Amino acid sequence: MQIDTNMVVTIDYTLTDADNNILDKSEQGQFNYLHGAGNIIPGLENALSGKTAGDSLKVEIPPEDAYGHRDDSKTQAVSMDMFENKDDVQVGMQFNAEGPDGEVLFITVARINGDQVTVDANHPLAGMTLTFDVDVIDIRQAAAEELEHGHVHGPEGHQHD
């Protein structure tokens, strides 16, 4: 069976940056996704299309097919008063915020200068060329409920809140 739209794909992967530093890793079939549902970055999804269980590949993905290029307009200085626990705010701290259209934004504290905190809404891997070393472990048809929900459910099903 080949990887195609609406298939559940299980992979093992090692993700590295341009300096060959390991950024993330998934082993023993712990990572699966619904192909064609936008669950993974486009460059990796495109590279996996047509592969079969047992295939291995190494693919370099430029920023435009990964997390995009860095966008300086996604950084801004805000008052420390915006933070509930001011004493706990540190550079590198990450949290979720709601964007103008209700979307979830992942924010990183980039700098602290007195009472001003510079926050960055760029994805931490934005602007980076990424290399994935991937082994395709398994492929199966997605269940109707997985297709309806747009993501993979575990063996026990999936409960939405």
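The model is predicted, so local features need pLDDT of at least 70 and side-chain atom pairs count only at pLDDT 80 or more, while totals for chains, interfaces and linings use all residues. Residues are numbered from 1 along each chain as its sequence is written, and side-chain values use heavy atoms, with hydrogens and water left out.

Let's start with Glu45, which sits in helix α1 (residues 42–48); helices here are DSSP runs of H or I with at least four residues, strands are runs of E with at least two, and both are numbered from the N terminus. Glu45 is buried but has no salt bridge. Buried means under 20% relative accessible area, exposed means over 50%, and partly exposed is in between (1.4 Å probe, protein chains only). A salt bridge would need a side-chain nitrogen of Lys or Arg within 4 Å of a carboxyl oxygen of Asp or Glu. The nearest side chain of opposite charge, Arg140, is 14 Å away. What lies 2.6 Å from a polar atom of the Glu45 side chain? That's the backbone nitrogen of Gly36.

Now for the rings. The whole structure holds four aromatic pairs, meaning rings of Phe, Tyr and Trp (its six-membered ring) with centres within 6.5 Å; planes under 30 degrees apart count as stacked, over 60 as edge-to-face and the rest as tilted. Here are two of the pairs:

| Pair | Centre to centre | Angle between planes | Type |
|---|---|---|---|
| Phe31 and Tyr33 | 6.4 Å | 35° | tilted |
| Phe83 and Phe95 | 5.7 Å | 85° | edge-to-face |

Phe31 is partly exposed at 25% relative accessible area, whereas Tyr33 is buried at 1%. Phe83 is buried at 13% and Phe95 partly exposed at 27%. Phe83 lies in the loop between β4 (75–79) and β5 (94–98), and Phe95 is in strand β5, twelve residues along. Ring pairs also join Tyr13, Phe31, Tyr33 and Phe132 into a cluster.

Finally, the cores. A nonpolar core is a set of buried Ala, Val, Leu, Ile, Met, Phe, Trp, Tyr and Cys residues joined through side-chain atoms within 4.5 Å. The largest one has 22 residues, and Leu44, Leu48, Phe132 and Val134 have the most contacts inside it. Two or more of its residues come from each of β1 (7–16), α1, β3 (56–61) and β8 (130–141). Another core, apart from this one, has eight residues, including Met80, Phe83, Val89 and Ile107.

Conventions:
Lys and Arg count as positive and Asp and Glu as negative; His and the chain ends are not counted. A polar contact is a pair of N or O atoms within 3.5 Å; within protein, one must be able to donate a hydrogen and the other to accept it, and residues adjacent in sequence count only if both atoms are side-chain atoms.
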